[in-house]
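Welcome! Have a look at the structure, then try each task before reading on.

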Amino acid sequence: MGNALRLLYGKCLEAVVITEGGSVEPRYTTTAPGVSALARDLFNFESTSLVPEDLSQHVKSSRKAQVKWYGKLLQAWKEAKPRPKTPEEVARLIVETLSRHRKADVEGLLEFYDLPRPSILEEISIGVPTRLPERVEFEMHTLPVDGNTVPDGDGLNVYVNTDDPRESSNIPRAVLMAAVQRSEARAMKNYARADELRRNIIQSGYQVIDFQNEQILAREYRIRLRGIDAPEMSMPFGEEAKQELAKLVDGKCLRVLVYGEDQYGRCVADIYCNGIFAQEVMLKKGLAWHYVAYDQRVEFATWQKEARAKRIGLWVQSNPEKPWEWRKKNKR
């Protein structure tokens, strides 16, 4: 079915949705045509591994590449919490999922489904490094982040699966024993004992997390975004910065490149979310300062300058206070 017909019948034909359980099911809906069309195509792709025939008229990459896109989109849609419903939400999911692919192809895919072109398509430029930058001490990949745990605009609390080779060899024996004993206590329905053991695990910097219908042992890390300084929560735009970062990472698995540890025991790191560089987003939206004292990356200075010229975010203020100066004045 061509794109024009797809859009024409999108509101009245049977559409499909991906349920919270991850399965793809048909139902009648009044979803926007482009959203219904993509949902239908993902449903067809899951069962046939075929992409729309006329997609090639809108994009430049090969059919083989298109198959990879739809595989990524299907997985991203299943993992998204909440599920994208509006054209804007679906367009953002496409851009974030395919951020490492050619911009012309992403634009063509949005055009194919008559979806809006989100501003983030213009905002994101750097992508994910293909090799580790100098001075990176180690790399880790997190479990999905709970946006409600984001403390501010330049900090994160994340968990890493202890099945990771780097983690598995460093789990304290006491934590391993507590995890095993907790599992046994739950099996015997001794929930008071299980809760006690869980508290002991948490106190050791670990957590037992429900993930993909199983409980896994994970290690907690506190992250400080390298090279930026967001307004403190008591400052103007402090809450806005926190909410923007929470929106960016909520429900996502992050790639974390760790450069070291700060005086508070936090990992100082670059954060990538579905190929999107978190620090770039915060600077371009005017929700963080370039922390020049600790990071001299030229692109950071450029992104801050662009936001300031546009007078967006904290730059709507004529003379915004620097967060490091605010902390000095309000130090207790």
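Of the 332 residues of the protein, 46% count as buried (under 20% relative accessible area, against over 50% for exposed and partly exposed in between, with a 1.4 Å probe and protein chains only). This is a predicted model, in which local features need pLDDT of at least 70 and side-chain atom pairs count only at pLDDT 80 or more, while totals for chains, interfaces and linings use all residues. Residues are numbered from 1 along each chain as its sequence is written, and side-chain values use heavy atoms, leaving out hydrogens and water.

The protein has 13 helices and 11 strands; these are DSSP runs (helices H or I, at least four residues; strands E, at least two), numbered from the N terminus.

**Exercise 1.** Find which residues of helix H8 are buried, and which are exposed on the other side.

*Solution.* 
- Step 1: locate H8 at residues 173–187, a helix of 15 residues.
- Step 2: pick out its buried residues, Val175, Ala178, Arg182 and Ala185. They lie on the same side of H8 because they cover an arc of only 85° around the axis, taken from the directions from the helix axis to the C-beta atoms.
- Step 3: turn to the other side of H8, where Arg173 and Ala187 are exposed.
- Step 4: look for the cover over the buried residues, which includes helix H9 (191–203), strand S5 (206–211) and strand S6 (214–225).

**Exercise 2.** Work out how the axes of helix H2 and helix H3 cross.

*Solution.* 
- Step 1: two packed helices are described by the angle and the distance between their axes.
- Step 2: the axes of H2 (residues 33–48) and H3 (residues 63–79) come within 10 Å and cross at roughly 110°. Axes here are lines fitted to C-alpha atoms over the stretch in contact, with angles from 0 to 180 degrees between N-to-C directions.
- Step 3: therefore H2 is roughly perpendicular to H3, a label for angles of 65 to 115 degrees.
- Step 4: check the contact (heavy atoms within 4.5 Å). Among the residues that meet are Leu38, Leu42 and Phe45 in H2 and Val67, Leu74 and Trp77 in H3.

**Exercise 3.** Is Gly260 buried or exposed, and which residues is Gly260 in contact with beyond its neighbours within four places in sequence?

*Solution.* 
- Step 1: find Gly260 in strand S8 (residues 254–261).
- Step 2: Gly260 counts as buried because its relative accessibility is 13%.
- Step 3: leaving aside neighbours within four places in sequence, Gly260 is in contact with Glu137, Arg266, Cys267 and Val268.
- Step 4: compare sequence with space: Gly260 and Phe138 are 122 residues apart in sequence and 8.8 Å apart, C-alpha to C-alpha.

Notes:
Expected span 1.5 Å × (residues − 1). Parallel < 35°, antiparallel > 145°, perpendicular 65-115°, else oblique.
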